[in-house]
There are 2 protein chains.
Amino acid sequence: MTKYNDTTYAILGILTTECKSGYAIKQLIDRSLNHFWKISYGQIYPTLKLISQEGLAEIRTSSSNGRPEKNEYYLTEKGLDVLKNWLEQPIEHFPAERNEVLLKLFFGHYQSYERQVLLLQKYKEALEIRYQTYITIEQAIQQDTSKDSMYWLITLDYGKRTTHAAIEWCDCTLGKLKKEE
Amino acid sequence: MTKYNDTTYAILGILTTECKSGYAIKQLIDRSLNHFWKISYGQIYPTLKLISQEGLAEIRTSSSNGRPEKNEYYLTEKGLDVLKNWLEQPIEHFPAERNEVLLKLFFGHYQSYERQVLLLQKYKEALEIRYQTYITIEQAIQQDTSKDSMYWLITLDYGKRTTHAAIEWCDCTLGKLKKEE
DNA sequence: AGCGTCATGTAACCGGTTACATGATTTA
DNA sequence: TAAATCATGTAACCGGTTACATGACGCT
């Protein structure tokens, strides 16, 4: 079976929901997958083109009530097969993030104590904001009991847990630096 | 001040240590920064070329005892300034990892319960291996009391904490899935 | 003789972002 | 009437990996 990149599979997955157009896909990702998957129009539209060329989806153009023309992509049987097959494959890329904060801290000798503290405090702030947005999204999902929200909540939980661990690391590291000074 | 990419700054930082050649830089990164920074020769050598062209380092070629020729890059004053300036700048890219596991889980409806469990178990295994390597590296560093190992340990601690949180998420999620079935 | 390691480098490719172009409709 | 939103798309660019090419030395 032909191999595509993860972005293609992500879009195939989204096409199983009500989101069928490039614009709608972008919205869904920004709102629901944003904490572990991002994408730009510069990739969505070319990928949709590829998907239809490969016969994984067919386009139906809808231009209701004078609205701007919308291209809606409906998964074909082949498209669904490709998606399901990918889901069954073992994971290829285990996340291994680049972390600019750790990189700067690693060369901490060349910085003053104050600068190091500032770096960590800013990082902690950013992490706390992130954590709060997770909570907010979580609450919004929990109120909407209709849809099968479990998978949404599970991915959010991942974000919450790892972010919380990072925040604790900040506190702990600030303590260590203080002791050294 | 001219802006470079993070890879360039990472290399400038490493050039402050005993590692002065492309080969040595690669080794250091693979051994010490591997958990938050990776790099390939395809980037190291062109970047070193850039660094010397920009006057941030000067090359001294050493070919001792018949060994293959080695190009050693020594930071100039300008190079050190550029590095220090970057260290003082606020962080630009907060890590936002793409996570293939979460993506697959997000489309979990199209998979059997068994497949989902397998996915999580494999992920957990990989995380546990990672955690163990952190511990091993940590112990190796702690035995070598000579160098200023604190920053090494701090970055390792970050890896340990976030990995541990992810492992706990795996366990918890496996429980949730079981309850649903 | 063959493998591992030291050592440097490039070209092709890929995945992704940014900036730009276009234009209609809705809302304030 | 101005701004926001809906909607699609492309070209230039950037950061990075992979695969390849080359060659010397040291160990088994």
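How many residues does the contact take from chain B and from chain A? The contact takes 53 residues from chain B and 53 residues from chain A, where two residues are in contact if their C-beta atoms, placed from the backbone, lie within 7 Å. The model is predicted: local features need pLDDT of at least 70, side-chain atom pairs count only at pLDDT 80 or more, and totals for chains, interfaces and linings use all residues. Residues are numbered from 1 along each chain as its sequence is written, while chains are lettered from A and ligands numbered from 1 in the order in which they are written.

- On the side of chain B that touches chain A, the elements giving two or more residues are helix H1 (6–14), helix H4 (77–88), helix H5 (100–106), helix H6 (113–143) and helix H7 (150–180) of chain B. Helices (H or I, at least four residues) and strands (E, at least two) are DSSP runs, numbered from the N terminus.
- H7(B) gives the most to this side of chain B, with 16 residues.
- By class, the side of chain B that touches chain A has 27 nonpolar, 10 polar and 16 charged residues. Ala, Val, Leu, Ile, Met, Phe, Trp, Tyr, Cys and Pro count as nonpolar, Asp, Glu, Lys and Arg as charged, and the others, Gly among them, as polar.

**Domains of chain A**

- Chain A is assigned domain 1 (6–88) and domain 2 (100–180), with bounds from an automatic or database domain assignment.
- The centres of domain 1 of chain A and domain 2 of chain A, taken over C-alpha atoms, are separated by 31 Å.

**Surroundings of DNA strand D**

- DNA strand D is surrounded by 22 residues, of which the closest are A:Tyr23, A:Gly42, B:Thr7, B:Ser40 and B:Gly42. A residue is near a strand if its C-beta atom, placed from the backbone, lies within 6 Å of it.
- Two or more residues of the surface near DNA strand D come from each of helix H2 (22–33), helix H3 (41–53) and strand S2 (70–75) of chain A, and from each of H1 and helix H3 (41–53) of chain B.
- H3(A) supplies the largest share of this surface, four residues.
- The surface near DNA strand D comprises eight nonpolar, 10 polar and four charged residues.

- In chain A, helix H1 (residues 6–14) and helix H4 (residues 77–88) pack at an angle of about 120 degrees, with their axes 10 Å apart. Axes are lines fitted to C-alpha atoms, for helices over the stretch in contact, and angles run from 0 to 180 degrees between N-to-C directions.
- H1(A) and H4(A) are therefore oblique to each other; angles under 35 degrees count as roughly parallel, over 145 as roughly antiparallel, 65 to 115 as roughly perpendicular and the rest as oblique.
- The crossing of H1(A) and H4(A) is left-handed, that is, the near helix is turned anticlockwise from the far one by less than a right angle, whereas clockwise is right-handed.
- From H1(A), A:Tyr9, A:Leu12 and A:Gly13 meet A:Gly79, A:Val82, A:Leu83 and A:Trp86 of H4(A).
- In chain B, H1(B) and H4(B) pack at about 120 degrees, with axes 10 Å apart, and H1(B) is therefore oblique to H4(B).

**Packing of H2(A) with H3(A)**

- The axes of H2(A) and H3(A) cross at roughly 130 degrees and come within 10 Å.
- H2(A) passes H3(A) in a right-handed crossing.
- A:Gly22, A:Ile25 and A:Lys26 of H2(A) make the contact with A:Tyr41, A:Ile44, A:Tyr45 and A:Leu48 of H3(A).
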